[in-house]
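Biologist: I'd like to learn how to read a model like this one, feature by feature. Could you walk me through it?

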Number of protein chains: 2
Amino acid sequence: MSIFGKLYFDGEWHQGQAGTYNAVDPSTAKNLEPAMGKASKAQVEAAVAAAHRDSLSFAKIPAAKRANFLRECATQIEALGDELTTRITLETGYPKGRGEGERARTCGQLRMFANSLDAGEFVDARIDTAQPDRTPVPKPDLRFMQQAIGPVAVFAVSNFPLAYSVAGGDTASALAAGCPVLAKGHLSHPGTGELVAQAIAKAIEICQMPKGVFSFLMGDDAEVGATLVQAAPVKAVGFTGSIAGGTALIKLANARPEPIPVFAEMGSVNPVILLPEALKTNAPAIAKGFVASLTLGTGQFCVNPGLVIAIDSPELNEFIQAVRAELGNVAAGVMLNQRICTSYQQGLTRFTHASGVASLAQGQADSVNEGFRAQAYLLGTSGKNFIAQDAIHEEVFGPAAMLVTCKDFTELQQVLEVLAGQLTGTLHGTETELLAHSALVDVLARKVGRVVVNGFPTGVEVCPSMVHGGPFPASSDPRFTAVGTAAIQRFQRPVCYQNFPDTLLPDALKNNNPLGLTRLVNGTPSNAALE
Amino acid sequence: MSIFGKLYFDGEWHQGQAGTYNAVDPSTAKNLEPAMGKASKAQVEAAVAAAHRDSLSFAKIPAAKRANFLRECATQIEALGDELTTRITLETGYPKGRGEGERARTCGQLRMFANSLDAGEFVDARIDTAQPDRTPVPKPDLRFMQQAIGPVAVFAVSNFPLAYSVAGGDTASALAAGCPVLAKGHLSHPGTGELVAQAIAKAIEICQMPKGVFSFLMGDDAEVGATLVQAAPVKAVGFTGSIAGGTALIKLANARPEPIPVFAEMGSVNPVILLPEALKTNAPAIAKGFVASLTLGTGQFCVNPGLVIAIDSPELNEFIQAVRAELGNVAAGVMLNQRICTSYQQGLTRFTHASGVASLAQGQADSVNEGFRAQAYLLGTSGKNFIAQDAIHEEVFGPAAMLVTCKDFTELQQVLEVLAGQLTGTLHGTETELLAHSALVDVLARKVGRVVVNGFPTGVEVCPSMVHGGPFPASSDPRFTAVGTAAIQRFQRPVCYQNFPDTLLPDALKNNNPLGLTRLVNGTPSNAALE
């Protein structure tokens, strides 16, 4: 395969009609070939029209066929081989192993949804049978199932060129739900996006899917992004990025004649609480784990541990010393693009200039002086000072964290209380002290989507129990997760069929249960046929 | 019991500090005693503070105890006896049987959620066990469950003084989820609201619930309603009413520093499609059923059939004749209040003055000349004319419907295509013609929450399979239903626990499965203990 700089929609590859641009290698700041075409508004609208046209036929395709399509997407992505991982490294500055890991995760994710489709998990089929003789009024026959919500616009993410981009979690869950996907590739890794789109295009052909089921569009946010969110046939949006970016999309979506949900996963500082006994018994190991988590991928993770909270003690000083030693071994890392790198430097400057904030430890300074590189930092402040300044609660995306030193448990709890919603919250403690302070778990469970004990928040497992989301601004709707099987619930809605003749019902709700589903029949789970 | 005109919050009854007002008997337009106190902003804030304070302790109360509380609420509502149903008739103009029916529905609803809590249905507990030896990275232990979202503001509804008001579906589902409820009573039926609040207050005492778990607040929309929606501790809103009212609340909720979901159930004309063979074989019976559904409760139902769509034919004329005869027997009905009555008259005037709209049949004119009464109407227009005028697609709340006569099937489908989202869509047809036109089912399933065959949309069954909701503007979020067991999903969000010691986990996720739940363990449903 090669990268042609083209767009894909309605089953064809198209030259972009709104000019071209080049991706940039962030390790050198040099342009990458080839020039990539940008979609015009008319091209985006054509893609939306194709998605709309095929929306119903795709939703009606049996789940087993949709599952095979998802598996074929995975197969075709794997078939891209080294070209894909090489391009990822060029476009992101990530080491090759990261691309390989992300590919495994992406393909595993597609197959996980396929398996769940085969198991019939998402239908939530329910049947309440008629009681014609009931008084004072007869009870009708009612049947309920989840259905596809309609075309979904997916915004590829800067920091996950595969797992949360063109064929990432949002795309996989929307396709699993039976929703056509309009994927806006990310300007930082358009070549990676195009390669993945080529794989999906092949899978569409092999599995004979309707042509409007998937589009790959590149271009400017204002033109491509806004057109997608405002298009009447689009029924939901998946986005991961900054609070400003997410908020802008939510505003557009709410201003539509028919408002639609935007599942935006935005800012989080992912507080890590170090309890005294844990520090006493384990400070060096915790410091080692913390620095590894903080600097992984040059700190460019939504669940990067950007806030550490602890009580003043000699052991905390020991922890700081250990972090200092560990960070001293960490070279300045490549960041994904110039904007992210600049934004990181600005955030650092803002924080270090804030009242009462000191720098406690640093990674190695940039010695390459080429491309976009970031030095890791641990800053520090007091609990009192943190509580007083909202501005230093913000996320600085990159390998920087703030250590908040509290004078006692009361102040530690006050620090937690002032935090906004978070993706994750972490507690380090011995079992005894965790139990003694179980109220902290309650506070965290109210603020975050995932509570971690004696670990670090990076490494988001893709499985049924994962929650990647949390109260605003961590995500725009904390009732849903963006990772794991439950992510599909974002793109479905229930429909009830009343008094339908059996022949007219969808298969999932027919009396003889042709799909072999476990259904809630008159309130009790059953996989039997009716009558 | 008596009605004292007081507010209830933080476990006490309070005199309203923002003046008083009197409810009005809509059948006479005369004031009802006693004078009812209105809540001041400070009183609303005190109620919110109590709800916030007790939010965590209520959420942690075992599901079985919450279930008993819901059952006690039902018992205490029943214990109000005739005083309640008499007051409903006084405040709404509904006949006594309607009050009795609604009481049965309300108490049945509370008990349905109690039973579902006992069955552990809503927890959606999931466990993925650790794989410490997995390569390249170990898999952590992850456990997922649904939890209460926090305090919920519930707006009582004009047309369901019990079933969708102070202890109605929104309140029952929020309490079932473990969320404190701040109920804003409806100005049309404050005495009914206070009686129900007295029943809940008694249940709180008997079941020793935290005092902040329920508040009953009366007062002006601007003051009480807006204060509730803007209060930081409030995490969701339940509302049923007009598109304008719902949209205003949604705007307020979106403008908060932390936006929250508003579950607004708003406008719907509930199209009823009459296919030719059904009319040929059954026109008089369909007309009879239609008029009964149209004029039930003086047409004051969200699912009132306000739009009939059919193809021109002699049988359609027969249907119109039959409707004319049936409507001639329907006396002008009492409407809930002056605003609704005026709004109905204005809507009728707007429609009858629209180009190409004629009056086809009328109910009896008002002969009482007292209170707020409405005459029923069937208006008519052509498919072409309907498609051309958005203004006549709107809901006119009350006993009026529009018959759209199409020249053929193509035009009938075009009429369906221009409709906005709806709560329900109904098809009358023989099985043969339904199968021949199954594409109509597909169109309706995309537009509505519930598709009815050979029946009428009124009579919303409260059961697991019900969907009461639909694409905008029928409801603000079509992924949820406001009626039935799934309504609880609006007030929960998932939390994931990673690497937790067993002792620190919530009971639902503990290894030995002390609640006996069916849990998704490593992807497979199981009610067994772990290890």
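This is a predicted model: local features need pLDDT of at least 70, side-chain atom pairs count only at pLDDT 80 or more; totals for chains, interfaces and linings use all residues.

Biologist: What do domain 1 and domain 2 of chain A bury between them?

Modeller: They bury about 870 Å², with 57% of it on carbon and sulfur atoms. On the interface of these two domains of chain A, the rule finds zero salt bridges.

Biologist: And how many residues of chain A are in contact with chain B?

Modeller: The contact involves 70 residues of chain A and 70 residues of chain B. Together the two chains bury about 5800 Å², 56% of it on carbon and sulfur atoms. On the chain A side, Arg446(A), Arg479(A) and Arg493(A) lose the most area to chain B, together 14% of what that side buries.

Biologist: How many salt bridges does the rule find across the interface of chain A and chain B?

Modeller: Four. A salt bridge also joins the side chains of Asp442(A) and Lys60(B), at 2.7 Å from N to O.

Biologist: Now helix packing. Are α13(A) and α15(A) roughly parallel or roughly antiparallel to each other?

Modeller: For this you need a cut-off: angles under 35 degrees count as roughly parallel. Helix α13 (residues 409-418) and helix α15 (residues 438-447) of chain A pack at about 10°, with their axes 10 Å apart, and are therefore roughly parallel. Phe409(A), Leu412(A) and Leu416(A) are among the contact residues of α13(A), and α15(A) brings residues including Leu440(A), Val443(A) and Leu444(A).

Biologist: What should I look for in the backbone?

Modeller: The general idea is that most residues other than glycine have a negative phi, and most peptide bonds are trans. Here, the peptide bond from Phe472(A) to Pro473(A) is cis, with omega near 5°. Pro473(A) sits in the loop between β22 (448-453) and β23 (492-498) of chain A.

Biologist: Which residue has a phi near 50°?

Modeller: Asn454(A), a positive value in a residue other than glycine. Asn454(A) is found in the loop between β22 and β23 of chain A.

Biologist: And what of the peptide bond from Glu33(B) to Pro34(B), cis or trans?

Modeller: That bond is cis, with omega near -5°. Pro34(B) belongs to the loop between β5 (30-31) and β6 (36-37) of chain B.

How values were computed. Residues are numbered from 1 along each chain as its sequence is written. Chains are lettered from A and ligands numbered from 1 in the order in which they are written. Side-chain values use heavy atoms; hydrogens and water are left out. Axes are lines fitted to C-alpha atoms, for helices over the stretch in contact, and angles run from 0 to 180 degrees between N-to-C directions. Helices (H or I, at least four residues) and strands (E, at least two) are DSSP runs, numbered from the N terminus. Angles under 35 degrees count as roughly parallel, over 145 as roughly antiparallel, 65 to 115 as roughly perpendicular and the rest as oblique. Contact means heavy atoms within 4.5 Å. Buried area is the accessible area (1.4 Å probe) that two parts lose on being put together, summed over both.
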